[in-house]
Every structure is written in structure tokens, then in C-alpha cells.
Amino acid sequence: MDKQWRNRVTVAFLAVTVLVIAMMLSGTLHRTPRITLPSGMQAAGQTVVGGETPTVVEVTPETVQTAVATLSRPLEYRRTVTVEQLWTGGSGTYETAVAVSGGWTRTDRTLAGGRVRHVLTDGEVTHIWYDGETEVYTVPAGGISADNEQNIPTYEEILDLPPEAIAVADYRAISGVNCIYVETAEDGEGFVLRYWVSVDTGLLAVSERLLEGEPVYRMAALALDQASPTAADFTLPDGTPLLGEE
């Protein structure tokens with residue numbers, strides 16, 4: 001009798017075990033392997049990557065380069081970049097209007113005294129002229145990129161950082177713009193770099209450079225202008241159109 005009772009208990013236990021395992025497997029098989037969240041609703045420290053099959057990637061110093069590598073800049077946009085440079089006892093601020101289209105970048109920087117420096121570059125050739133002048137200086141771009149013309153860091157430099165140089169990386173908002181945030185460790189000269197890269201546009205939204213804890217450089221371009229660039233933006237003063245040229 002005891003033996004029969006023990007056998008029934010054993011069979012019942014095995015049946016329950018099989019049922020539990022089946023339920024666990026069923027839940028696993030039906031679980032969504034990749035999760036997509038709207039950028040404005042992502043959890044802190046996470047960002048969506050992956051194109052057609054996006055997934056949520058936690059942003060940490062170890063994973064931030066992978067997250068940044070998934071971003072891409074718009075093919076066409078217009079915005080205003082504000083740069084502030086600070087030094088002991090003073091500072092200077094200027095604005096640069098930026099238009100990008102068809103591989104060309106135009107920058108219109110207002111200099112001290114109100115003079116405007118105009119630049120059109122495709123990374124190979126650069127055209128420069130000033131308000132009130134008809135002469136255009138055309139030179140090879142060389143190592144002067146469109147970002148250099150705006151006097152802003154290139155956020156893709158994050159990809160070239162050695163992992164140990166990244167001190168902080170997470171997902172955070174600044175002035176309502178959702179960003180991947182990266183902060184470098186202080187280097188041998190006392191400098192720290194901070195980047196806020198918009199996950200919505202793929203553009204660098206804010207950047208700071210600190211020297212021994214004090215800011216010496218700030219850049220901000222938090223919003224894209226509503227008006228799209230036009231062919232006129234990429235035309236030289238003599239009427240020569242550049243947009244669409246190889």
C-alpha cells in the first residue's frame with residue numbers, strides 16, 4: 001500500500017514538473033526577443049539601435065561606442081550652432097548658421113564687428129568669401145572638415161576613444177532633447193570632454209570642454225530649423241550653383 005502511494009506521489013510530482021517546464025518554455029518561446037521603445041520613452045541608460053530590427057542597448061562606458069556607431073546624421077538639415085569660448089577674466093560667443101544638403105555644407109559665421117564669413121565645402125574643395133566682397137577663395141579642403149569650419153568637435157571621435165578613456169556614458173535629456181551622453185576621463189593635461197548626441201537626429205547637440213573642472217568651451221545646437229536648405233544656399237556669389245555637383 002505504501003509502495004503504491006509512493007508511486008502515485010512520484011507520478012504526480014513528475015506530471016507537475018513537466019507542466020511547469022512546459023509553461024516556462026512556452027513563455028520563453030513567445031517572449032519578444034527585441035524590444036522597440038519610442039526615444040522619448042526609453043528607460044534611463046538605454047537607447048534603441050538596430051534599424052529594421054531594433055533592440056534596446058544599455059548605454060555604459062563599455063557599450064556606448066556600439067550605440068553611437070548606430071547613429072547617422074540627416075542627409076539634409078539646417079540649424080544654428082552657438083559656440084562660447086571662455087578664458088580667465090573673459091569669454092567670447094559667436095553663432096554659425098549651418099545648412100547641409102547633397103554632401104555640401106554651408107556655414108555663415110558672424111564675426112566680431114558683425115562681419116560674416118561664408119564657407120561652402122564638400123570635404124574636397126572649400127569656397128570662402130565675406131559679406132561686402134565679391135572675391136571667392138577656392139582651396140582644397142585638406143584636413144579642414146565641415147565640423148572644423150563650425151568649430152565643433154566631431155562626435156564620431158567617440159568611436160576612436162580607447163574604452164578606458166570613457167569615464168561616464170548613459171542616456172539623458174538636455175533641454176528636452178534625448179541624448180547619448182559621454183564624458184571622458186581627465187587626460188594628462190587636465191582636460192575633460194563632454195558630449196550630448198541626439199538620438200533623434202544623430203547630431204551633436206551639446207558639447208563642453210573642461211580644464212581642471214572649469215569650462216573653457218561650450219557648444220550648443222539643440223534644434224533643427226524648420227526651413228529646408230535650398231539650391232540658393234549652395235550657390236556662389238557669381239551665381240555658380242554647387243548643389244548636385246560631383
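**View 1. Salt bridge between Glu 208 and Arg 218.** In this predicted model, Glu 208 and Arg 218 form a salt bridge through their side chains, with an N to O distance of 3.7 Å. The two residues belong to distant parts of the chain, Glu 208 lying in strand β12 (residues 204–211) and Arg 218 in strand β13, ten residues apart. Glu 208 is buried, at 15% relative accessibility. Salt bridges with shared partners connect Glu 208 and Arg 218 with Glu 84, Glu 183 and Arg 194 in one network.

**View 2. Salt bridge between Glu 84 and Arg 218.** Arg 218 also meets Glu 84 in a salt bridge, where the closest N and O atoms are 3.4 Å apart. This pair, too, links distant parts of the chain: Glu 84 sits in strand β3 and Arg 218 in strand β13 (residues 214–220), 134 residues apart. Glu 84 is partly exposed, with 22% relative accessibility. Arg 218 is likewise partly exposed, its relative accessible area being 31%.

**View 3. Salt bridge between Arg 73 and Glu 156.** The side chains of Arg 73 and Glu 156 form a salt bridge with an N to O distance of 2.9 Å. Both partners come from loops: Arg 73 from the one between α2 (64–69) and β3 (77–87), Glu 156 from the one between α3 (146–150) and α4 (157–160). They are 83 residues apart, and the pair links distant parts of the chain. Arg 73 has a relative accessible area of 28% and is partly exposed. Glu 156, at 27%, is partly exposed as well. In the whole structure, the search finds eleven salt bridges.

View 4. One cavity of 30 Å³ or more is found in a search of the whole structure. The largest cavity holds about 30 Å³ of space.

**View 5. The open sheet of eleven strands**. The strand order is β8-β7-β6-β5-β4-β3-β13-β12-β11-β10-β9, and the pairing is antiparallel. Strands β8 (137–140) and β9 (166–174) are the edges, each pairing on one side only. From one strand to the next, the twist averages 15 degrees. In this order β13 stands between β3 and β12, and Arg 218 of β13 has salt bridges to Glu 84 and Glu 208.

View 6. Strand β9 is joined to β10 (residues 177–184) by eight bridges, and the two strands run antiparallel. Across this pairing, Ala 169 is opposite Val 182 in β10.

View 7. Val 125 is placed opposite Pro 140 in β8. The hairpin of β7 and β8 has six residues between the strands, and there Gly 132 takes a positive phi near 85 degrees.

Key: Residues are numbered from 1 along each chain as its sequence is written. This is a predicted model: local features need pLDDT of at least 70, side-chain atom pairs count only at pLDDT 80 or more; totals for chains, interfaces and linings use all residues. Side-chain values use heavy atoms; hydrogens and water are left out. On a 1 Å grid over the protein atoms alone, a cavity is a set of points where a 1.4 Å probe fits but cannot get out, and a pocket is an open set with protein on both sides within 12 Å along at least five of seven lines; lining residues have an atom within 4 Å of a point. Grid points are joined across faces, edges and corners, and a volume is the space filled by probe spheres set on the points. A salt bridge is a side-chain nitrogen of Lys or Arg within 4 Å of a carboxyl oxygen of Asp or Glu. Helices (H or I, at least four residues) and strands (E, at least two) are DSSP runs, numbered from the N terminus. Buried means under 20% relative accessible area, exposed over 50%, partly exposed in between (1.4 Å probe, protein chains only). Two strands pair if DSSP finds at least two bridges between them. Axes are lines fitted to C-alpha atoms, for helices over the stretch in contact, and angles run from 0 to 180 degrees between N-to-C directions.
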